Amino acid sequence: MNINIGEILLKLWNDSGFAAIASGFISDNGWQYAVMLIISFVLLYLAIVKKFEPLLLVGIAFGCLLSNLPKGGLYHQELWDAFMDPNSPLYHSYGEIMRNGGLLDIFYIGVKTSLYPCLIFMGVGAMTDFGPLISNPKSLLLGAAAQMGVFAAFFGANALGFNVNEAASIGIIGGADGPTAIFLTTKLAPHLLGAIAVAAYSYMALIPLIQPPFMRLLTTPEQRKIKMVQTRTVSKTEKIIFPIVVTVFVALLLPDTAALIGCLMLGNLLKETGVTDRLSDTVQNALMNIVTILLSTAVGATMVGSNFLTAETLKIIVLGVCAFALSTCGGLLGGQVMCLLTKGKINPLIGSAGVSAVPMAARVANVEGQKYNPSNFLLMHAMGPNVAGVIGSAIAAGFLLSVCQLLG
């Protein structure tokens, strides 16, 4: 048997991803691989060096890197396209994906089934103290007001040519809630998942830059100095009853959001009962960390060039920041109304924390208040609207899902 070194080297070259990229520049879409690899490097830089949501963005960036390495066979967009096509024999067939899919295809099943977002919500619930919201139920109104950007972006995206499902997925970016954005987008517009996830988590990381200008625009220096009285102490019984009551009410009102709200409140109940500390600790740490790795890597895998390198992605980035800004403004305007009705007892800055980014938005409100009154401590007051925003964004997602099903 003669061994031809030249033929072996030529075959190695032809089978390599380098050849796929090189030939693609000439005849196909190899340039997309190169561009997406560069984008993954940029995202890694932002996550590691600039610390933009690193716990999620590192995984998203690396998932993007892996799925855009030609011939790696880790993620197959064509299988998922067939999975979503009612005219395909593979419509809603996980069997083909399990047989012929790659590692990232298997990871993505957890996203597609909404398993990962719900488990993330369970972890969020276990790390959340609803005490400030229970002690000041009016905070729910600020969480609701801060959803204004969700619906404004929904109508704006629809006016720009996105269909109803796509517009709803883009609008939910305004809730500043990454898991909810992933949950809704996976159900309504999975082809936009990569762009929407990157936009949602990027804007969450940029809260300290995005929100303060609007806070100064919509409040006066005197209002920013307002000191709020200490909230009442919430009993353990109230904290145990709260997640049960909220689950029953919201799940009956909007059944489509039962999974998210149910997991959020289960996590919180594990924390508050005092008899499930081991489970609460597991949900907050081990489970949360494992699911974060799987979720972020799977979401990043969907960032293939054919879906991501489009004009729609740029529109999503612009609409996303508009949604986020309008949600901040909605919360601040709600804070202004409360300030007026209470004759100056509510600092309207806490309304900006009505978006769902816990606890960063509350911290930003606190920092902004202390700039004008160093003895002003708004953190606990802002946590009320902040955790209300988590509930509000889940309800908004359930409402949009119901509307899209009705119109669909």
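Predicted model: local features only at pLDDT ≥ 70, side-chain atom pairs only at ≥ 80, totals over all residues.
1. Overall make-up. Along the principal axes, the C-alpha atoms occupy a box of roughly 90 × 45 × 40 Å. The radius of gyration is 23 Å, which agrees with the value near 22 Å that a compact globule of 408 residues would have.

2. Contact of α12 with α13. Helix α12 covers residues 164-171 and helix α13 covers residues 178-188; their axes come within 9 Å and cross at roughly 170 degrees. That angle makes α12 roughly antiparallel to α13, because angles over 145 degrees count as such. On the α12 side the residues are N165, A168 and S169, and they meet L184, T185 and L188 of α13. By class, this contact of α12 with α13 has three nonpolar residues, three polar and no charged.

3. Contact of α14 with α15. The axes of α14 and α15 (residues 207-217) come within 5 Å, with a crossing angle of roughly 65 degrees. The two helices, α14 and α15, are therefore roughly perpendicular to each other; the class runs from 65 to 115 degrees. Y203, M204 and A205 of α14 meet I207, P208 and I210 of α15. The contact of α14 with α15 is made of six nonpolar residues, with no polar and no charged ones.

4. Largest pocket: size and centre. The volume of the largest pocket is about 880 Å³. Its lining counts 33 residues, and those closest to the centre of the pocket are E53, L56, M127, M288 and V358.

5. Largest pocket: lining. Which helix supplies the largest share of the lining of the largest pocket? It is α19, with seven residues. The helices that each supply at least two residues of this lining are α4 (54-67), α8 (115-126), α13, α14 (193-205), α19 (277-301) and α22 (360-372). Divided by class, the lining of the largest pocket has 21 nonpolar, seven polar and five charged residues.

6. Cavity: count and size. How many cavities of 30 Å³ or more are there? The count comes to one. The largest cavity has a volume of about 60 Å³.

7. Cavity: lining. The residues that line the largest cavity are H191, L192, G194, A195, T302, M303, N307, F308, T310, E312, T313 and I316. At least two lining residues of the largest cavity come from each of α14, α20 (305-308) and α21 (311-341). Of the helices, α21 gives the most to this lining, with three residues. The classes in the lining of the largest cavity are five nonpolar, six polar and one charged.

8. Cis peptide bond. V358 and P359 are joined by a cis peptide bond, with omega at about -5 degrees. P359 has its place in the loop between α21 and α22. V358 is also among the residues closest to the centre of the largest pocket, and α22 is one of the helices that each supply at least two residues of the lining of that pocket.

9. Positive phi. K71 is not a glycine, yet its phi is positive, at about 70 degrees. K71 is found in the loop between α4 and α5 (77-84). Helix α4 is also among those that each supply at least two residues of the lining of the largest pocket.

Definitions and conventions
Residues numbered from 1 in each chain as written. Heavy atoms only, no water. Axes fitted to C-alpha atoms, helices over the stretch in contact; angles between N-to-C directions. Helix = DSSP H or I, 4+ residues; strand = E, 2+ residues; numbered from the N terminus. Parallel < 35°, antiparallel > 145°, perpendicular 65-115°, else oblique. Contact = heavy atoms within 4.5 Å. Nonpolar A, V, L, I, M, F, W, Y, C, P; charged D, E, K, R; others polar. 1 Å grid on protein atoms, 1.4 Å probe; cavity = no way out; pocket = protein on both sides within 12 Å on 5 of 7 lines; lining within 4 Å. Points joined across faces, edges and corners; volume = space filled by probe spheres on them. Rg over C-alpha atoms; globule rule 2.2 N^0.38 Å.
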